[in-house]
Amino acid sequence: MYNPKNQVPTEEEIRTQNAKKLNKMNMDKMLPVLPKKTPWQEAVEMLLTNNLEKDVKITIGKKVFDCHSCVLRTFCELFTSTLRPGNNVSLPEDKVTADAFDIAYNWMINSNSNCQRGKLLDLLLAAQYLCATKLLQSVVGALNDERYFSNVDALSCYAEACSKGIDSVAELMINRFGKSFLVLVSSEEYRELDVHELCSLLGSDLLGVHTEVEVFYAALMWVLTDYQERKMHLRRVLKMVRFELMPSLVLLNFGERLNELMPDAVDLMFFLLHLAVINSQERSSMPLAKDGLRHRIYIRDPKCPYLHLLENRTEELSATLFRDYIVSLEDDYEPFQARITEVIEGETAQ
């Protein structure tokens, strides 16, 4: 009996079958045959900037901004449940400057927005007042980005944050440049700090130093930059130095050379050194981690010219050696940062 299943297909039949299979595969394959659509974010931005009517006014000082209520409610918790179409809202100029609000609103409606470095802190204050969490995160990210925000910029930003009372940003900036404190000591930005900014800096635990003697010399360098104007701040500045962290021999050597200091500093230095010697003797037998003192971040730079003096404790570190060292570090941030190491806990720091 004839069975078609046993029949060998002809070449024509094989070609037809293969063509049908290929056609089915092509039908299942995803191909870019549809016209490309505009990304939703770009479409929304175009709608906001070109078509959707602005329905609220924000007044800051003498400047009036026409805005979209939906945008402000989306990005600013300050407006989430209060802003309605047709509202005219006045914002305090001491909390949100007109320039900062302009930058902030531009950030809300555009995927690409920029801010001058000098206006970042005003933008941060605006974001805080508006409760714009994502914008705040974006600003903090910019402040932490070393590609665009150098450590000298961070020092300037620290000073500005101090002047504006933004302690959290001041601390953030010290955390940024703290280990490179010695590189910045010879900078113009350091010399131009006001006394409040300097004392806040010298009072930080985040400064990277080999020894507290360097903090002492850095403090004196600031005073001597404009001695006649700054000598009135000597007491306040020198109280930021932790003399109790210096070895007793260094304290005694300083005591023997008080006559070399400026007259305004002698009595104060005598008192501070005397107190430090007593405290140092009382704590000399305590381990570093349990001595009850606030320490710095202790570092080691293999190119430090007086490193052997610190390790052998054979000689006192002179002001001249310190000055020559920090001058050599000018514009040396990246190599310095790459070569320094942090002293491990329990290792002698002096």
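The legends below describe close-up views of a predicted model.

**View 1. Packing of helices H7 and H8.** Helix H7 spans residues 151-164 and helix H8 spans residues 167-177. Their axes lie 8 Å apart and meet at an angle of about 160°. Angles over 145 degrees count as roughly antiparallel, and H7 and H8 are therefore roughly antiparallel to each other. The crossing of H7 past H8 is left-handed.

**View 2. Residues in the contact of H7 with H8.** On the H7 side, the contact is made by Asn151, Ala154, Leu155, Cys157, Tyr158, Ala161 and Cys162. H8 contributes Val169, Ala170, Met173, Ile174, Arg176 and Phe177. By class, eleven residues of this contact are nonpolar, one is polar and one is charged.

View 3. The side chain of Asp153 makes a polar contact of 3.1 Å with the side chain of Ser150. When neighbours within four places in sequence are left aside, Asp153 is in contact with Arg117 and Tyr148.

**View 4. Open sheet of strands E4, E5 and E6.** The three strands are arranged in the order E4-E5-E6, with mixed pairing. Strand E4 (208-209) and strand E6 (341-342) are at the edges and have a single partner strand each, so one side of each is without a neighbour in the sheet.

**View 5. Pairing of strands E4 and E5.** Strand E5 covers residues 297-300 and pairs with E4 in the parallel sense, over two bridges. Val209 has Tyr298 of E5 as its bridge partner. Strands of a sheet pair through backbone hydrogen bonds, in either a parallel or an antiparallel manner.

Key. Residues are numbered from 1 along each chain as its sequence is written. This is a predicted model: local features need pLDDT of at least 70, side-chain atom pairs count only at pLDDT 80 or more; totals for chains, interfaces and linings use all residues. Side-chain values use heavy atoms; hydrogens and water are left out. Axes are lines fitted to C-alpha atoms, for helices over the stretch in contact, and angles run from 0 to 180 degrees between N-to-C directions. Helices (H or I, at least four residues) and strands (E, at least two) are DSSP runs, numbered from the N terminus. Angles under 35 degrees count as roughly parallel, over 145 as roughly antiparallel, 65 to 115 as roughly perpendicular and the rest as oblique. A crossing is left-handed if the near helix is turned anticlockwise from the far one by less than a right angle, and right-handed if clockwise. Contact means heavy atoms within 4.5 Å. Ala, Val, Leu, Ile, Met, Phe, Trp, Tyr, Cys and Pro count as nonpolar, Asp, Glu, Lys and Arg as charged, and the others, Gly among them, as polar. Two strands pair if DSSP finds at least two bridges between them. A polar contact is a pair of N or O atoms within 3.5 Å; within protein, one must be able to donate a hydrogen and the other to accept it, and residues adjacent in sequence count only if both atoms are side-chain atoms.
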